[in-house]
Amino acid sequence: MNCVVRPFAAADKEWVNARARAASAQYEGAYADWPSFIEGIGRMADLAEDGDLFVAECDGIVVGAVVHIGPGRPRSAVFPEDWSVIRMLVVAPEARGQGVGRQLVAACLACAQAIGAPAIGLHTTPLMASALRMYSAIGFQRDRDLDPIRGVPYGRYVLRAEGIAAALALLDA
């Protein structure tokens with residue numbers, strides 16, 4: 001599979017939203033009020049208004065996406081204003097296990113490094129085991145519990161700026 005990570009374009013909107021819904025479908029039984037939860041997930045492309053939305057395009061088809069929120073841009077109150085934030089890493093089920101998620105996370109880390117963010121944060125849940133394993137393997141550390149989201153436990157994870165270069169090297173390996 002020949003993949004490239006590139007900035008989101010308006011023509012990607014439907015692909016991104018569909019991939020976000022498909023990537024999240026496996027969690028249907030876990031979240032309370034699933035219909036409204038998946039509706040919000042299905043508007044992922046709207047995050048391009050306040051962040052850097054990247055897509056992974058493989059053989060001409062969008063198979064994944066992620067959003068980098070830079071310092072000073074709108075974000076959840078659980079993240080300091082001067083941090084970068086990774087939002088909504090999604091990879092279509094048929095593209096998993098091929099390094100797409102790693103490439104997308106690398107794009108966010110490179111953004112955080114380029115702008116000099118003191119840290120990059122994210123929130124995730126043990127339900128998202130593959131993503132959590134990757135984040136932990138490249139140096140993200142859980143620094144606090146968060147309130148559950150629709151009944152699902154979440155934690156905040158952080159990678160300090162001094163760890164970004166090493167994380168990028170691990171993702172490239």
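The legends below describe close-up views of a predicted model. Local features need pLDDT of at least 70 and side-chain atom pairs count only at pLDDT 80 or more, whereas totals for chains, interfaces and linings use all residues. Residues are numbered from 1 along each chain as its sequence is written, and side-chain values use heavy atoms, with hydrogens and water left out.

**View A. Seven strands form an open sheet with mixed pairing.**
The strand order is S1-S2-S3-S4-S5-S7-S6. Strand S1 (3-7) and strand S6 (141-149) are the edge strands, each pairing on one side only. Neighbouring strands of the sheet are turned against each other by 25 degrees on average, direction ignored. Helices (H or I, at least four residues) and strands (E, at least two) are DSSP runs numbered from the N terminus. Two strands count as paired if DSSP finds at least two bridges between them.

**View B. Strands S5 and S7 pair in the antiparallel sense.**
Strand S5 covers residues 119-124 and strand S7 covers residues 152-160. Six bridges connect S5 and S7. The bridge partner of His123 is Arg156, in S7.

Axes are lines fitted to C-alpha atoms, for helices over the stretch in contact (heavy atoms within 4.5 Å). Angles run from 0 to 180 degrees between N-to-C directions.

**View D. A disulfide joins Cys3 to Cys58.**
A disulfide is a covalent bond between the sulfur atoms of two cysteines. In this model it is assigned to a pair of cysteine sulfur atoms within 2.5 Å, and the count by this rule is one. The S to S distance between Cys3 and Cys58 is 1.9 Å. The torsion about their S-S bond is about 110 degrees, so the disulfide is right-handed. Because Cys3 lies in strand S1 and Cys58 in strand S2, the pair ties together parts that are 55 residues apart in sequence. Both Cys3 and Cys58 are buried (under 20% relative accessible area; exposed is over 50% and partly exposed in between, with a 1.4 Å probe and protein chains only).

**View E. Cys108 is in no disulfide.**
The nearest cysteine sulfur to that of Cys108 belongs to Cys111, 6.5 Å away. This separation is too far for a bond between Cys111 and Cys108. Cys108 is buried, with a relative accessible area of 0%. Cys111 counts as buried at 19% relative accessibility.

**View F. Tyr31, Trp34 and Phe37 are linked into a cluster by ring pairs.**
A search of the whole structure finds five aromatic pairs. Rings of Phe, Tyr and Trp (its six-membered ring) pair if their centres lie within 6.5 Å; planes under 30 degrees apart count as stacked, over 60 as edge-to-face and the rest as tilted. Tyr31 and Trp34 form a tilted pair, 6.5 Å centre to centre with 45 degrees between the planes. Tyr31 and Trp34 are buried.

**View G. The rings of Tyr135 and Phe140 form an edge-to-face pair.**
Their centres are 5.5 Å apart. The planes stand at 65 degrees, so the pair of Tyr135 and Phe140 is edge-to-face. Tyr135 and Phe140 are both buried.

**View H. Arg6 and Glu57 meet in a salt bridge.**
A salt bridge is a side-chain nitrogen of Lys or Arg within 4 Å of a carboxyl oxygen of Asp or Glu, and the structure holds seven. The N to O distance for Arg6 and Glu57 is 2.7 Å. Arg6 lies in strand S1 and Glu57 in strand S2, so the pair ties together parts that are 51 residues apart in sequence. Arg6 is partly exposed at 21% relative accessible area, and Glu57 is partly exposed at 22%. Salt bridges that share partners join Arg6, Asp12 and Glu57 into one network.

**View I. Arg150 forms a salt bridge with Asp33.**
The closest N and O atoms of Arg150 and Asp33 are 3.6 Å apart. The pair links distant parts of the chain, 117 residues apart. Arg150 is in the loop between S6 and S7, and Asp33 is in the loop between helix H1 (13-24) and helix H2 (34-41). Arg150 is partly exposed, with a relative accessible area of 34%, and Asp33 is partly exposed, with 47%.
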